Every structure is written in C-alpha cells, then in structure tokens.
Amino acid sequence: MKDLYAWSAIGLIVLASTTGDVLLSYSMKRVGDVGELWKRRGVLAVIGRVLATPTFALGLMAMGVAFYSLLFGLSWGNLSLVVPASASLTFVANAVAARIFLHERVGRRRWIAALLVAGGVVLMAV
Amino acid sequence: MTFRKYLVLAGITVFSTAGDSLLARGMKDLGGFSLHNLSGLLLAILNPWVAVGILFLLTFFACYMSALSWADLTYVLPATSLAYVLVALIGHFRLHEVISPTRWLGIALIAAGVGFVAAGPSVTPARERPNSQSAPRDTVSLEVKP
C-alpha cells in the first residue's frame, strides 16, 4: 500500500514537473531571446514581459505542485526510490511532451540523450 | 551558439548545485521542521547559508529561463542533469567520498547524453511553432532562422 502511494506521488511529480517545464519553455519562446531584449530595452522590460506572459504563472504553479508532491512522496517512500525514479521519468516524459506540445524536433540524437541521462540518473542513485 | 550561451548553460549547472548544497548545509543547522512549526520555516531565511542558497537558486532559475528563451527544452534539460555529476565529483575530490563503479557508470551515461545533445543544434526549426507568429516580431530570436 505504501508502495502504491509512493508510485502515485512519483506519477504526480512527473506529470506536474513536465507540465511546468513545457509551460515555462512555451512562455520563454513567446518572450523571445532574453539577452537581446535586455540589450535593447533593459532588464525591467525583460522582467515585465516575462511576468505579463500568462502561461509563465501557470508553469510556476505546476512547478509548485511538483515540489509539494515530492515532499509527500518523500514522506511515503524512500529517498533512493522517489528522487531518481521521478527525475529519470521526467527526462523521458519531457522529450515526449516537447515533441507533442512544443513541436520540437526530437531526433534520434535527443532520444538517445534523454534515455542515457535517465539511465545515468538511476545509476547515480543506486 | 556563442560563448555567452555556454556560460548560461554552465550557470544552470553550477548555481543549482551550489544552491542545493548551501540550502542543505543551512537546514542542517536549523534541525527538522514540522507542520506545527511553520513560522520557523519563514525565519529560516535569516540563516546566512539558507539566504545565499536561495539567492543562488534564484540565479539558477534566471539562467534556466534565459536558456529556454533561445534553446529547445530538450536541449536545455540534459544540461541540468550535469548537476548530479558535479555533486558526485565534489563529494569525491573535496570530501573524499568513495564513488562506486555503478555511480561512475551513471556519471559516464549522463556526460555522454549531455555531449550528444550539446553537439547538435540548440534550436530546431521554429517555422511550425504555433507561437512564432503571435510572438512580438521584434523579439523573435535571431537564432530562430527558418
């Protein structure tokens, strides 16, 4: 039963942090290259434009949900299960989500990278 | 990719690692928290380790957002995983912790994955992106050429 709780927390972490990453990435693509904007209009323009992007706030909220799910997950499961499992699944889920929602071209190179990193994260925690 | 952009990617790795370590160091001073002691959590930022840690994590977030403004999510994310490698290497060389063969293999896999992505393009063609038309014209990145 405790395992079930831990794995549902892991599922929630993966879902929330993937949602957050996709929303934040989408927002920053709408804002445009921050470095150029900073050079031309100054730092206040950058902050203003980021905060004026509604999806940015949603992304932050999703990240908050992910953080609290992690805290709950840690209270039900082991640190050595929850952290690596959610981190590595998030890498793979993000590759899928970026392809579907952000229309990034996730070619063979990036698939291999996502799987290598996901596997590496698991091994680091063993 | 310019030098400045690699600097931002390095900032993601370094500041997230340093921020997490500083937070962990500070929280060790303060002891455990419970739900009945939430005011203590607010006072935690008075601890210098925690305060600097939060400052570093904010810097990390700024670097992360900056990177996402000119690079794909699938390009930036592997760079964040280098933080795991950095923590392990700091532990090994500064604190003389023993790294098991499995962990070395994990380090190698992460490094290989990051290298794989970094060698490729940072932005894949944005022509099909639904948001590229609606974004203000003057801020569409110069790197996002069709």
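How many cavities of 30 Å³ or more does a search of the whole structure find? In this predicted model, the search finds one. About 80 Å³ of space lies inside this largest cavity.

Let's look at what surrounds that space. Its lining draws on both chains: chain A brings A:Phe91, A:Asn94, A:Ala95, A:Arg110, A:Ala113, A:Ala114 and A:Val117, while chain B brings B:Thr74, B:Leu77 and B:Pro78. Helix 6 of chain A provides the largest share, with four residues. Sorted by class, the lining has seven nonpolar, two polar and one charged residues.

Now step back to see how the two chains meet. The contact takes 42 residues from chain A and 52 residues from chain B. The size of an interface is often given as the accessible area lost when the parts come together. Here, the area buried between the chains is about 3900 Å², and carbon and sulfur atoms give 64% of that area.

What else can you find across the interface? There are two salt bridges; one of them may be the pair to look up in your viewer. A:Asp33 and B:Lys5 join their side chains in a salt bridge, at 3.7 Å from N to O.

On the side of chain B that touches chain A, helix 1 (3–30), helix 3 (48–70), helix 4, helix 5 (101–118) and helix 6 (131–134) of chain B each supply at least two residues. Helix 5 of chain B gives the largest share of this side, 12 residues. By class, this side of chain B has 30 nonpolar, 15 polar and seven charged residues.

How values were computed:
Residues are numbered from 1 along each chain as its sequence is written. Chains are lettered from A and ligands numbered from 1 in the order in which they are written. This is a predicted model: local features need pLDDT of at least 70, side-chain atom pairs count only at pLDDT 80 or more; totals for chains, interfaces and linings use all residues. Side-chain values use heavy atoms; hydrogens and water are left out. On a 1 Å grid over the protein atoms alone, a cavity is a set of points where a 1.4 Å probe fits but cannot get out, and a pocket is an open set with protein on both sides within 12 Å along at least five of seven lines; lining residues have an atom within 4 Å of a point. Grid points are joined across faces, edges and corners, and a volume is the space filled by probe spheres set on the points. Ala, Val, Leu, Ile, Met, Phe, Trp, Tyr, Cys and Pro count as nonpolar, Asp, Glu, Lys and Arg as charged, and the others, Gly among them, as polar. Contact means heavy atoms within 4.5 Å. Buried area is the accessible area (1.4 Å probe) that two parts lose on being put together, summed over both. A salt bridge is a side-chain nitrogen of Lys or Arg within 4 Å of a carboxyl oxygen of Asp or Glu.
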